[in-house]
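Let us read a structure together, one feature at a time. Here it is.

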Amino acid sequence: MKKSRNRLAAIAVAAIAVTGLVAGCSQGSATNPGGDTPQTGDAQVTLRYMNFSSNDGHEADLQAIVSAFEADNPGIKIAVETVPYADYSAKLQTAVAGGTEADTFELEYASFISYAKAGALADITGIDTAAYAESLVKAYQDGGKQFALPESFSNVVLFYNKDLFDAKGLAYPANEWTWADETKAAEALTDKAAGVWGDYQPISYNEFYKTVAQSGGQFLNAAGDATAFNDQAGLAGAKWLTGKSGTTMPTDADGANTPDFDTNLFTSGKLAMWHTGIWMFGTVAEKAPEMNWDVIVEPGNTQKASAMFSNAVGVSAKSQVQDAAKKWLSYYTASQTTIDTRLAKSWELPPVADQSKLDAYLKITPPANRQAVLDSLNAVALAPVVAKQQQMQDIVNDELATVSAGRASAEDALASMQAKVDPLLK
Amino acid sequence: MSDAIVIGAARKARRRKMAAKNLGWVLVFLAPSAIPLLMFKIAPMLASAWVSLHEWNMISPMEWVGLGNYANLLTSENTWEVFGHTLLYILGYLPLVYAGGLLIAVALNQKLKARGFLRAAYFVPVVTSWVAVALVWQWLLNPSNGLVNHLLGLVGLPQPGWWTDPFWAIPSVILASAWKDLGFVMVILLAGLQAIPQEVQEAATVDGANPWRSFWHITFPLLSPSTFFVVVISLINGFQVFDQVYVMTGGGPSGASQVAVGRIYDLAFRYGEAGSASALSWILFAIILAVTAVQMYGQKKWVNYA
């Protein structure tokens, strides 16, 4: 009798050990942050924050903001989880499905609405929004309710290497420039034998909708239920982007479209003009301190149009530390520490209502012409946002790639793109 | 009732009691593998069957669509495309990896110098991470500055665009895959070769068979159980090909090398269509099951168990 009881006890112990092992492998979750959960109040609260925008260069800047917040709020600790942009949406989606998402997480404008509509975000209506630019506050509402706070905005400008222009005796890019001027300069600056390229602009959805606007067209119709790019403006945009590949711009076989390829090309002084985001200012200044470079508003075809991106942070609907989460949200998006850090480190810009707060940013060099960042906002091409965003982007990217590889004409690719994207919008 | 029956019944009862006593221990020893297997394999598989009957973006609540996902997938051109690519991959990969593995196994079955070292060397790629291997092959096959095209250029052969060319993207993946799995096939076939009794070979030699004839008529047929195992495993792996495609070509250019599992990944983790992804997984499962069943049945005709 005694013996069999011992055996049962042994089995129970083994079973518990195994279950414990398995449980040990699982992550903490929004409802159970990091295992044993402190509740809000005076007790210590640990809050998880997942983001992509600090990855690859701004990790220390985010940590500085976190430390300042923790010093001001002794009861709250922030556990930061930083994920590369390329993996972020899959990771967040899977985490939300499994109920293991962080208490607070970053969202791109394009993906915000699907999370808001799905009920994944806590309603934070009533939170103080006075400090933010009004248009950005409204961008993160759905049905009159606030579901996230704007965190940053950024845009894309034309970077150029002054040394390469000087070497060829060419005039620097000017505000009056159009695509034709850019092409002419790019051709003169390209020296394939020396590995020097005149231009670099990703052949992708994110550039394409903008080039359509720069030619006076639109990617989607006004109602947003059909494409509008299969016209002269769309054709001009597609030809402009794809025509660069292999002539003034490196091809995939040369390494284009691999991580950091364009950054390394520009900072090693082998790229004359580069269409990229203002978040690269700090990286370029740091990696190429000797190089002379500046930026300017992107040239247009028939008109100017610049891309504008915005990120936001929201609170998980399942988080059990809502009050602490909201405190962190407000601090992280609008505190003076955040504004100072973002400006001093040339990270994405804070979404402040009071633009005079950006003055400090405009005074930092290089680049000398930081005013281009604000000037770009005068004519903005907003990214079309649809429910099946990723499918749409993949189709556009694939079709543009067939044109740049010379396997299809721009006309055929646009027609095929339209035939595939239109059904996604119904 | 005879004594024998009584003793027999007592024995049976005792055995039953023993079995009951041992059951606890059986469970204890099974638990470490059975519990993870249930949690991480069986349960998700069953769950995916349930998910496949719904529309679900993994954030919002599931919506019942019955067999709608299956109907959509089976009528979608894209599904046939990715299965076509998968089949193309298998058609190139299987003969290449088998022939290569056999060649090396036969060579390393001879009394060579440094045989042990060579056996280990050929097996190293098998235990190397796919990501590392794929990146190295991507570089080797780089159209403009890769080693392979450089060598082809030296001897004046045409230099394909490899993974940047829709026609050559799948062959690029096949080359890398065959190279990596060569060692695995070699080990299985080498074990098979060594299990063939020496006497049979000797008898053939005495009867005047040259090495070539003795290989084709003695060794190869007696190797058929190992061949069968290699073919079954390689086919299943072939249908499930993913890592190398994901890293080397990303399914491109423009979807030209997208395979079934790559499509499942895209549907679930990029497009937020977990229902369709689960349905496609089950379609793939059905195909693999059918192909394997046909092989199990067909083996009776060609596999010789000595």
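Q: What radius of gyration does chain B have, and what would a compact globule of 306 residues have?

A: The radius of gyration is taken over C-alpha atoms, and the globule rule is 2.2 Å times the number of residues to the power 0.38. A compact globule of 306 residues would come out near 19 Å, but chain B has 26 Å. Along the principal axes, the C-alpha atoms of chain B fill a box of roughly 95 × 75 × 35 Å.

Q: What kind of model is this, and how are residues and chains labelled?

A: This is a predicted model: local features need pLDDT of at least 70, side-chain atom pairs count only at pLDDT 80 or more, and totals for chains, interfaces and linings use all residues. Residues are numbered from 1 along each chain as its sequence is written, while chains are lettered from A and ligands numbered from 1 in the order in which they are written.

Q: How do I read two packed helices?

A: Two numbers describe them: the angle between their axes and the distance between the axes. In chain A, helix 9 (residues 232-244) packs on helix 17 (residues 410-425) at an angle of about 120 degrees, with axes 10 Å apart. Helices are DSSP runs (H or I, at least four residues), numbered from the N terminus. Axes are lines fitted to C-alpha atoms over the stretch in contact, and angles run from 0 to 180 degrees between N-to-C directions.

Q: Which residues make the contact?

A: Contact means C-beta atoms, placed from the backbone, within 7 Å. Helix 9 of chain A gives A:Gly234, A:Leu235, A:Ala238, A:Lys239 and A:Thr242. Helix 17 of chain A gives A:Ala410, A:Glu411, A:Ala413 and A:Leu414.

Definitions and conventions
Helices (H or I, at least four residues) and strands (E, at least two) are DSSP runs, numbered from the N terminus. Two residues are in contact if their C-beta atoms, placed from the backbone, lie within 7 Å.
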